[in-house]
Amino acid sequence: MTAILIVKTGALGDVLRTTSILPGLAQRYPGARIVWVTAPAAVDLVRRHPRVERVIALDPKDPAAARNCAQALAQEGPWQRVLSLDDEEPLCRLAVALADPDAAPGVLSGAYVDRDGARRYTQDVAPWFDMGLLSVHGKAHADRLKVENTRSHAAIYAAMFGIEMGAPELPLDPAHSAFAERFAAGRAAGLPRPWIGLNTGSGGRWESKKLSVERTVELAAALADARGAGFVLLGGPEEAERNRAIAAGLAARGVRHADAGTDNALLDFAAIVDRLDLLITSDSLALHIATARRVLVLAFFAPTSAAEIELYGRGAKVCSTASDYCSYAKDADTSTLTVERLLGPALELIRAR
């Protein structure tokens, strides 16, 4: 039996979208045993996937924990494939402890620490890592590659690992589906269909990923006028005040809405997204949850790359036309993400659902 170890932590959305490689790995290595190492906060995004035997929670910034994990995993080996998809030094050391690229070429794919203590990555993953912080070409060239790239994360990863491109998957526990059912029967009772989720914030880090409160309200009002839709406000703890402002704006315009709250457990949040007819969202975790749950998506982009996002024919993208699009600047210009540009695609998706 082929034993495959995947090391992927990082942002929650990045972990979830990386599950797109699992169907292809299972097809290439029939009967493979797949173990996934990820951050504690991301465990729920992987633990119920039918292709994953076990998930190991590991703080990527804890060198001692990474060493202990490597020792334990070495006892389970040998590992025929180790996919090391993060660039934190403890994780790079974990990967090379299990699959030394000098001793066993072809077993390790991804980032590792060489004999001189420098972080490097194997040549087969250059199409992705060349665009990142670890790029051998330097940051300026990596940034240019990001802008020039036209392939999605899923397509790049599939090509790197020699597998068919798959889609992410996020199975839900019955308890989480029941939570969404209670929301539908409670706070969302009587909300007219179609249900359109508004996830237009982005937490505290990426101000330029957001659609302003005012434009969010204007867009929802225009959609309500056109389709009589009901709206579900979504977000995390950092969106609490913002969502209250959106709710006040919607109420002032007579737009029917329900606030899903901003303190939901991760899979409870996913279960609410699963009930939507359309999600309007920034480049965020909610986008990847909707993709994994096969919910229609209208996503907008300013500082980050739209090309990297694979919607699998179930959505549309609206990109900033400003000169700093895909600059990964926290203050990127979002002024071209207008209500007019967002309204048309939203209506088309609703008609096509």
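Lys209 has its place in the loop between β7 and α9 (213–227), where helices (H or I, at least four residues) and strands (E, at least two) are DSSP runs numbered from the N terminus. The model is a predicted one, in which local features need pLDDT of at least 70 and side-chain atom pairs count only at pLDDT 80 or more, while totals for chains, interfaces and linings use all residues. Residues are numbered from 1 along each chain as its sequence is written, and side-chain values use heavy atoms, with hydrogens and water left out.

Lys209 is buried but has no salt bridge, and the nearest side chain of opposite charge, that of Asp283, is 4.3 Å away. Buried here means under 20% relative accessible area, exposed means over 50%, and partly exposed lies in between (1.4 Å probe, protein chains only); a salt bridge is a side-chain nitrogen of Lys or Arg within 4 Å of a carboxyl oxygen of Asp or Glu. For charge, Lys and Arg count as positive and Asp and Glu as negative, whereas His and the chain ends are not counted. A polar atom of the Lys209 side chain does lie 2.9 Å from the backbone oxygen of Asp283. Not counting residues up to four places away in sequence, Lys209 touches Ser202, Ser282, Asp283, Phe300, Pro303 and Thr304, a contact being heavy atoms within 4.5 Å.

## Asn199 in strand β7

Asn199 belongs to strand β7 (residues 195–199), and Asn199 counts as buried because its relative accessibility is 6%. Its side chain and that of Ser284 are joined by a polar contact of 3.1 Å, a term for a pair of N or O atoms within 3.5 Å of which, within protein, one must be able to donate a hydrogen and the other to accept it, residues adjacent in sequence counting only if both atoms are side-chain atoms. Once neighbours within four places in sequence are left aside, the contacts of Asn199 include Leu234, Phe269, Thr281, Ser282 and Ser284.

## Salt bridges

A search of the whole structure finds 20 salt bridges. In one of them the side chains of Asp14 and Arg17 meet at 3.3 Å, N to O; both residues lie in helix α1 (residues 12–18), 3 residues apart, or about one turn of the helix. Asp14 counts as partly exposed at 27% relative accessibility, whereas Arg17 counts as buried at 12%.

Glu308 forms a salt bridge with Lys146, with the closest N and O atoms 2.5 Å apart. This pair links distant parts of the chain, since Glu308 is in the loop between β11 (297–301) and β12 (315–319) and Lys146 is in helix α6 (residues 139–148), 162 residues apart. Glu308 is buried, with a relative accessible area of 5%, and Lys146 counts as buried at 14% relative accessibility.

Asp277 and Arg353 also meet through their side chains in a salt bridge (3.9 Å, N to O). Asp277 lies in the loop between α11 (266–274) and β10 (278–281) and Arg353 in the segment after α13 (339–352), so this pair ties together parts that are 76 residues apart in sequence. Arg353 is partly exposed, with a relative accessible area of 47%.

## The cavity

The structure holds 1 cavity of 30 Å³ or more, a cavity being a set of points, on a 1 Å grid over the protein atoms alone, where a 1.4 Å probe fits but cannot get out. The largest cavity has a volume of about 100 Å³, the volume being the space filled by probe spheres set on the points, which are joined across faces, edges and corners. Its lining residues, which have an atom within 4 Å of a point, include Arg17, His153, His288, Glu308 and Tyr312. Helices α7 (153–161) and α12 (285–292) each supply at least two residues of this lining.

How values were computed: On a 1 Å grid over the protein atoms alone, a cavity is a set of points where a 1.4 Å probe fits but cannot get out, and a pocket is an open set with protein on both sides within 12 Å along at least five of seven lines; lining residues have an atom within 4 Å of a point.
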